[in-house]
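Please look over the sequence and the model shown below before reading the description that follows.

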Amino acid sequence: MTRITVAQALVRFLAAQEVERDGLRSRFFAGCLGIFGHGNVAGLGQALRRHNDLLRYVPARNEQAMVHVAAGYARQRNRLGTWACTSSIGPGATNMVTGAALATINRLPVLLLPADTFASRGPHPVLQQIEVPHDANVSVNDAFRPVSRFFARIERPEQLIDSALQAMRVLTDPADTGAVVLALPEDVQAEAFDVPEEFLQERVWTIYRRPPAPDALHRAAELIRAARRPLILAGGGVIYSEATHALRAFAEASGIPVAETQAGRGALVSDHPLSLGALGATGTSAANRLAREADLVIGIGTRYQDFPTASKTAFQDPDVRFLNINVAAIDAFKHGALALEADARVALELLNGALESHHADPEWTARAASEAEEWAREVVRVTAPAAEGELTNQASVIAAVNDAAGETGVVVCAAGSMPGDLHKLWRARDPEGKGYHVEYGYSCMGYEIPGGMGIKLAAPEREVFVLVGDASYLMLPGELATAVAEGVSMTIVLVDNHGYASIGALSRSVGGAGFGTIYRAGVPTDDDPLPQPLPVDLAANAESLGARVFRARDVDEVREALVSARGVEGPVVIHIETDRYAGVPSYEGWWDVPVAEVSDDPGVQAAREQYERARAAQRSLISPAVAREVAR
Ligand SMILES: Cc1ncc(C[n+]2csc(CCOP(=O)(O)OP(=O)(O)O)c2C)c(N)n1
Ligand SMILES: [Mg+2]
């Protein structure tokens, strides 16, 4: 037994956790990000200072952003590592709630340590404490419960032992992982107790690859053999499980084409003849055309969010069936699928064997290759630079970054019009699938810069390219200062179209005329639909935070700046003004955004009519035969 404080025990515990998969062992916590206040400065602050040699401490600028750093790191490490995040009580803690939701939705491990009000309740109410008249146990930290996968408030020192182990169980479980919250009352953090030595010793969490049930595997092989037009939908699980090579081998042996979700983008390199690219609302013509006719969808590591399913209009074969490979039961059973609850890599390898060289209809495979080829030509057409004298188009900026990134660079994005454009246009080149990092589970404006920082911390050997819209930049630029302070090199391309271009386009498509989506003085009127945008100089803002800034006037200058950025230590920002109206078209995809059913505006009425027509294609997507098997 050692008599130390709760905070000291926790820091020493975190420093001693390791994770192992496929015989490879590494530290689980890279360090602790944090911002101190009265809730954590004397407890965790003291412990982190005392044990700085065991656990690195990095001061952040915004608590939400520091959780994004941890999430970006975790995703780049395929969930085999993360950061702890410490905050004070009250606003510092609730600032992390958005970060927690993002991590949980994307199934990324992050450990959050919000401080909490006194367990003793001695001096209550304290600064920043919410008082709930009917419940003395509630604090603002209860807001973490719906957005985390494990929550414990450590009200007595001894509780730390059990809760810290439970926290690690959840963080290292690929099916369960997400935000884990240990709320730490400020008095308890500083309290000493007798800690058993075993708690502080090195502990290895082995992540085994879960195999599918043999019967399920057998049925899955039968389903694939019986299919005439099978299609793979690769999600993030393929990449996290390091199954990209197994996927390629499976696709090549079976001749089944591969479409991808946002998290699964890059699971198969784009120039592969079986690579159809993005599926759904932001899908390619190739993927959307084949999906429409597919009679079997093999979903691997996907949540079937409304973008890949085009709000359940993507699959139109009346008898379409689903076979889902997923470690999480909630996803494996979606659409009444035949569920292979298993690790993606193991399941693909076993399926490959069970299929005994079965090959899909060669005509179907050939059709995939010709659609993929046609799509590659379309990408070249769409990403061509704007004509002389015209404002730069976003697609050409994406192509410039794609070229600069090569095979090993990583592109980062989260919200705005770029995720959709990237989903369609990005040519994925890294066989490991780690070159494309678009956070589209929560699609959180402001994730881009801190997320990029987390990626660079996880993979210092890779070049990181952050694509960020002007509004997303303005929402959360502070971690640029953290990147400067920590010497984190990354290239941030700030695409400035003066406001919410994506929502402006969406607004116009629902008859809303772009209302409220452009940065300007006041609200547009019929007399003055386009008043001057506000003169916000975001490049100067980035410069003031310490970044090296390049002001590009066209896409050629973006390309030059991307070359110049290579040699620069610390973050670089390339500012480029783009045409907010030069969008990439939709390729037979649809997204369900309900339009007003009654309105006196003819534009809204027309949009409603169109909406109803499109919605008629929406299907419940339940695999009938397999659903019966599940029900039995
Ligand atoms: C935190 C947050 N608030 C609101 C939204 C809704 N939203 C999605 S995209 C967008 C506009 C983003 O503007 P910008 O970053 O400039 O990109 P652009 O659309 O111009 O490409 C908004 C408001 C969001 N995704 N995240
Ligand atoms: Mg914008």
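Helices (H or I, at least four residues) and strands (E, at least two) are DSSP runs, numbered from the N terminus. On that basis the protein chain holds 25 helices and 23 strands. This is a predicted model, in which local features need pLDDT of at least 70 and side-chain atom pairs count only at pLDDT 80 or more, while totals for chains, interfaces and linings use all residues. Residues are numbered from 1 along each chain as its sequence is written, chains are lettered from A and ligands numbered from 1 in the order in which they are written, and side-chain values use heavy atoms, with hydrogens and water left out.

**Overall form**

The radius of gyration, taken over C-alpha atoms, is 25 Å for the protein chain, which agrees with the value near 26 Å that a compact globule of 632 residues would have under the rule of 2.2 Å times the number of residues to the power 0.38. Along the principal axes, the C-alpha atoms fill a box of roughly 70 × 65 × 55 Å. Of the 632 residues, 58% count as buried, where buried means under 20% relative accessible area, exposed over 50% and partly exposed in between (1.4 Å probe, protein chains only). Among contacts (heavy atoms within 4.5 Å) with a separation of 6 or more, 77% come from residues 24 or more positions apart.

**The magnesium site**

Which residues coordinate the magnesium ion (ligand 2)? The donors, meaning N, O and S atoms within 2.8 Å of the metal (3.2 Å for Na, K and Ca), belong to D470 (OD), N497 (OD1) and G499 (O), at 2.0 to 2.1 Å. Their spacing in sequence is D-x26-N-x1-G.

| Residue | Relative accessibility | Class |
|---|---|---|
| D470 | 2% | buried |
| G499 | 5% | buried |
| G406 | 29% | partly exposed |

In helix α12 (residues 285-293), the buried residues include S285, A286, A287, N288, L290 and A291. The buried residues of α12 pack against β12 (230-234), β13 (258-260), β14 (275-278) and α15 (362-382).

G406 lies in the loop between α16 (394-405) and β18 (410-413). The C-alpha atoms of G406 and K312 are separated by 34 Å, and these residues are 94 residues apart along the chain.
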